[in-house]
Amino acid sequence: MSDVAIDLVALRDERLARLQTAMRNRDLEACLLFSEPNARYATGATAMPVYSMSTFARCAVVAAEGSPILFEHGNSVHRSALRAVDVRPMHQWEFFDDAAAEAGAFAREAVAALRELGVAGNRVGVDRIGTPALLALQREGLELVDSSPATQAAREVKTPQEVAALRLNGHIVADALDEFRAAVEPGRTERELLATYASGVLRRGAEYLATNTVCSGPNTNPWRAEATAREVEDGDLVYIDTDTVGVEGYFFCVSRSLVAGGRAPNAEQRDAYRAAHEWLLEMTDLVRTGITCTELAELSPRIPERFLPQRYETMIHGIGLEEENPSVCHPMDPQSNGDRAIEPNMALVVEIYAGAVGGSVGVKLGDEILVTDEGVEHLAPFPYADELLA
């Protein structure tokens, strides 16, 4: 499916061009990217992404000019070579008795790759790194600095092929949500409902779910619970936060809440849902090209006081290969990027959790949008719960 809708070579090349421009703008001659999303952004290749996020199994060596070198888990080289230009086995240091010696071998290979790419200096950006490799690279004379100013700047605005990937994934998420909604019936467990949604996106080409957020009844408050063996009861409020890593790794963070069975919603359910729904629509309407994060925070509709203690951590955050920049915090919280202006082709998530401390229910709602000069485009349009708004 993705091969038809997305030009994979252009996707890789567009992203690399943005990354290298961001590096040059920050006088960063080279980066060693261990983070799975960053390595994928730079090379187009991924391998065992969940495993790679907790293990140092791959590293993209990226110079400010030219094609990167991808050091890859040995058994995955053949797979990544289908996407990346230059793929070589990575000398791993984890799970060895002598990690320092193994990390030293990796460090020598990494420095050799840098010199091969024409990197003359020793100042190199790094996103995340284990202590053995950190010490080994320093012994080789490298000055390691934070790569995130460059990688974050590159990834904030989406390229044309990234937009195509987001639109493709939006249809997948919406179709799977339709199956999920049909499956929400009394007697089904939260895990069964999660499996219904997961099956829906995986059958359509998604890669995995980042969280297991399907909750019902008392499990909806407080936020951050996960799916359990609890059986849904008639009249329960049920919510899902999709947190789907889709085709080509693009992340979808759409949330919906609904009522199971035929019983009419109660007053507490309606109150939380109406507050969340009204806030979501008003907040989304504020998003436009040129508005700053501070302005969005100052203009944001006020969340009812009873829901503030358990508020979601941000009102808006960027989205791409993971949760990204920029973010807009609640007015009472510190805003670190206040002057950052919203740009066309930023992909954002607007979301809210409405649940009072000690309450019996909580509502999660959120939409993923694309910013354009003409307004915002809902990337996974899916109906809200009319029964909770009636």
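What covers the buried residues of α7? The structure examined here is a predicted model, in which local features need pLDDT of at least 70 and side-chain atom pairs count only at pLDDT 80 or more, whereas totals for chains, interfaces and linings use all residues. Residues are numbered from 1 along each chain as its sequence is written, and side-chain values use heavy atoms, with hydrogens and water left out.

The cover over the buried residues of α7 includes β1 (30-33), α6 and β6 (143-146). Helices (H or I, at least four residues) and strands (E, at least two) are DSSP runs numbered from the N terminus. The buried residues of α7 are A133, A136 and L137, where buried denotes under 20% relative accessible area, exposed over 50%, and partly exposed the range in between (1.4 Å probe, protein chains only). Seen down the axis of α7, these residues fall within an arc of 95 degrees and so line one face of the helix; the arc is that of the directions from the helix axis to the C-beta atoms. The exposed residues T131 and R139 are carried on the face of α7 turned away from its buried side. After α7 comes G141, with a positive phi near 95 degrees.

Helix α6 (residues 99-116) and helix α7 (residues 131-139) have axes that come within 8 Å and cross at roughly 50 degrees. Axes are lines fitted to C-alpha atoms, for helices over the stretch in contact, and angles run from 0 to 180 degrees between N-to-C directions. The contact (heavy atoms within 4.5 Å) is formed by A99, A100, A103, G104, A107 and A110 of α6 together with P132, A133, A136, L137 and R139 of α7.

In α2, the residues R18, L19, A22 and M23 meet A150, T151, A153 and A154 in α8.

T159 lies in the loop between α8 (148-156) and α9 (160-183). Because its relative accessibility is 4%, T159 counts as buried. Residues up to four places away in sequence aside, T159 touches E14, R15 and R18. R18 also belongs to the contact of α2 with α8.
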